[in-house]
Amino acid sequence: MTVHPSLQPYADAWTHSIEAISELVLPLPEREWNRATPCPGWSVRDVVSHIIGIECEQLGDPRPIHTVARDLRHVVDEFTRYMEVQVDVRRHHTAPEMTSELEYTVIRRMRQLRNEKRDPATMVRGPLGEQVTLEQALRMRAFDVWVHEQDLRQALGVPGNWDAPGAYVARDMLLAGLAKVVAKTAGAPANSAVVLDVHGQLEFMRTVRVDAAGRGTLDKAPSLGPAVTLTLDWETYVRLAAGRVRAHTVADRVKVEGDAELADAILTRFSVTP
């Protein structure tokens, strides 16, 4: 890659995950493409279709002219309807069609990244067509493909890459939404603190501090008297924060200390992804 230094980590993470996805799905027989994934309503084929579609949009390809049925249970708002178009249009594609399009799209995107000369602050098209910086767009793609790689790995029973470059991008992206979850969504009281202690393939501790006005901030310093401490493994944290599981289904993997009612409010609203 010859991209701008601030883009390089995201380009590297994206490349690592997209190549892993290609390796996962290339040998799959037709029936395996219909396996359900943790991503609500989506099969293996659907997840790969989503990845292909969004990468094509990053390349500047026009979106398909396609109407999504109104009775799909997992399509609940305009965001999910927007995302479903690229998926639904490929829903009857065969395994060879899927792998061929994925391979061609990856080659095109790698060439685009290799030749990228734009400033990271350049505004480009993001999800739903809004404008985001080039750096943010690539960060989001590195995050998205790593999370979907994990969706595919769980569906296919091939665990791995929990500490890949994309995992570090995902950690930072998921943590960015934690203060809002604690302070606003779960309603942690003013002048309180909540500690998140994550262990496993990635280990870290973060504290959300809620000030007198009810605003939450995230920092790395431990709190001496937190209202709640949540201790959980990295895989569980990702699946909760990415909306892949509900809190009650992984209760045995989360250790709660402190205010049980506040902990429950946080965990039931833990997802920070659309």
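How many aromatic pairs does the count come to? By the rule that rings of Phe, Tyr and Trp (its six-membered ring) pair if their centres lie within 6.5 Å, the count is 6.

Before you click, note that this is a predicted model, where local features need pLDDT of at least 70 and side-chain atom pairs count only at pLDDT 80 or more, while totals for chains, interfaces and linings use all residues. Residues are numbered from 1 along each chain as its sequence is written, and side-chain values use heavy atoms, with hydrogens and water left out.

**Stop one: the aromatics.** Select Trp-146 and Trp-162. Their ring centres sit 5.6 Å apart with planes at 80°, so the pair is edge-to-face (planes over 60 degrees apart; under 30 is stacked, the rest tilted). Trp-146 is in helix H5 and Trp-162 in the loop between H5 and H6, 16 residues apart. (Helices are DSSP runs of H or I, at least four residues; strands are runs of E, at least two; both are numbered from the N terminus.) Trp-146 counts as buried at 0% relative accessibility, and so does Trp-162 at 5%; buried means under 20% relative accessible area, exposed over 50%, partly exposed in between, with a 1.4 Å probe and protein chains only.

Now pick Phe-204 and Tyr-237, also edge-to-face, at 5.9 Å centre to centre and 75° between the planes. This pair joins strand S4 to helix H8, 33 residues apart.

**Stop two: helix H3.** Select residues 78-88: 9 of the 11 are buried. Their cover includes helix H2 (44-58) and strand S1 (123-125). At the start of H3, zoom in on Asp-77, where a side-chain oxygen comes within 3.3 Å of the backbone nitrogen of Phe-79.

**Stop three: the largest pocket.** A pocket here is an open set of points on a 1 Å grid over the protein atoms alone, where a 1.4 Å probe fits, with protein on both sides within 12 Å along at least five of seven lines; lining residues have an atom within 4 Å of a point. The largest pocket holds about 1000 Å³, a volume being the space filled by probe spheres set on the points. Of its 38 lining residues, the closest to the centre are Phe-79, Asp-144, Arg-244, Thr-273 and Pro-274. Colour H5 too: the largest share of the lining, 8 residues, comes from there.

**Last stop: the second largest pocket.** Here the volume is about 430 Å³. Among the 19 lining residues, Val-245, Arg-246, Ala-247, Leu-267 and Thr-268 lie nearest the centre.

How values were computed: Contact means heavy atoms within 4.5 Å. A polar contact is a pair of N or O atoms within 3.5 Å; within protein, one must be able to donate a hydrogen and the other to accept it, and residues adjacent in sequence count only if both atoms are side-chain atoms.
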